[in-house]
Amino acid sequence: MAAARRTRCRSLGERAVNGVFVSVGSMMPFDRLVQAMDEWAAAHPDVPVEIQIGRGKYEPRHAKYVRMMPVVEYRQRVADARLFVAHAGMGSIISAIEAGKPLLMLARLQAQGEHNTDHQLATAASIGARPGLHVAGDVADLKARATVLLADAGAPPAPISRFADPKFTDRIRAFIEAA
């Protein structure tokens with residue numbers, strides 16, 4: 001069974017496409033997101049869609065996919081995408097902000113067995129109002145928003161530095177050294 005799954009898993013290739021990149025993160029499966037964006041890919045065959053599906057059971061039939069990828073390739077895929085779609089995890093949010101790419105999020109739900117808490121709902125509510133960061137309420141909303149955002153993504157999120165302000169780290173260092 002595992003060998004059969006591996007042979008059906010397509011490589012994304014070395015070059016990222018200028019379309020939609022979808023990620024479920026690196027820790028937990030998120031089949032609801034993968035299936036929704038695979039269905040969206042079927043309805044929009046003119047838009048390249050690539051999905052990093054992790055350990056999920058659902059394997060896309062219309063989008064290209066890979067289970068996991070190296071961090072460098074992941075960041076390149078986010079940077080090259082016109083739209084980044086992901087769960088409402090902080091790693092995905094920070095990746096989108098660093099790359100200055102619009103992010104469409106669908107929160108994992110505890111009731112669906114997608115996470116052990118509903119903290120992604122709070123994250124999405126808190127951060128989803130920032131420019132360039134968008135939150136879908138459910139799968140239907142996700143598909144509708146993906147179509148709208150590809151036509152007009154609006155303002156991208158303001159990029160942030162990969163490193164903290166030196167004044168901030170100096171204050172932390174001084175506090176630790178004074179203890």
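Analyst: First a term: buried means under 20% relative accessible area, exposed over 50%, and partly exposed in between, with a 1.4 Å probe and protein chains only as cover. This is a predicted model, where local features need pLDDT of at least 70, side-chain atom pairs count only at pLDDT 80 or more, and totals for chains, interfaces and linings use all residues. Residues are numbered from 1 along each chain as its sequence is written, and side-chain values use heavy atoms, leaving out hydrogens and water.

User: Is K101 buried or exposed, and what is the nearest side chain of opposite charge?
Analyst: K101 is buried and has no salt bridge (a Lys or Arg side-chain nitrogen within 4 Å of an Asp or Glu carboxyl oxygen). The nearest side chain of opposite charge is D80, 6.5 Å away; Lys and Arg count as positive, Asp and Glu as negative, and His and the chain ends are not counted.

User: What is K101 in contact with?
Analyst: Leaving aside neighbours within four places in sequence, V78, A79, A81, A96, G132 and P157. Contact means heavy atoms within 4.5 Å.

User: Where is K101 placed?
Analyst: In the loop between α4 (90–99) and β5 (103–106). Helices (H or I, at least four residues) and strands (E, at least two) are DSSP runs numbered from the N terminus.

User: And E98, which residues does that touch?
Analyst: E98, in helix α4, touches P159, I160 and R162, not counting residues up to four places away in sequence. E98 counts as partly exposed because its relative accessibility is 24%.
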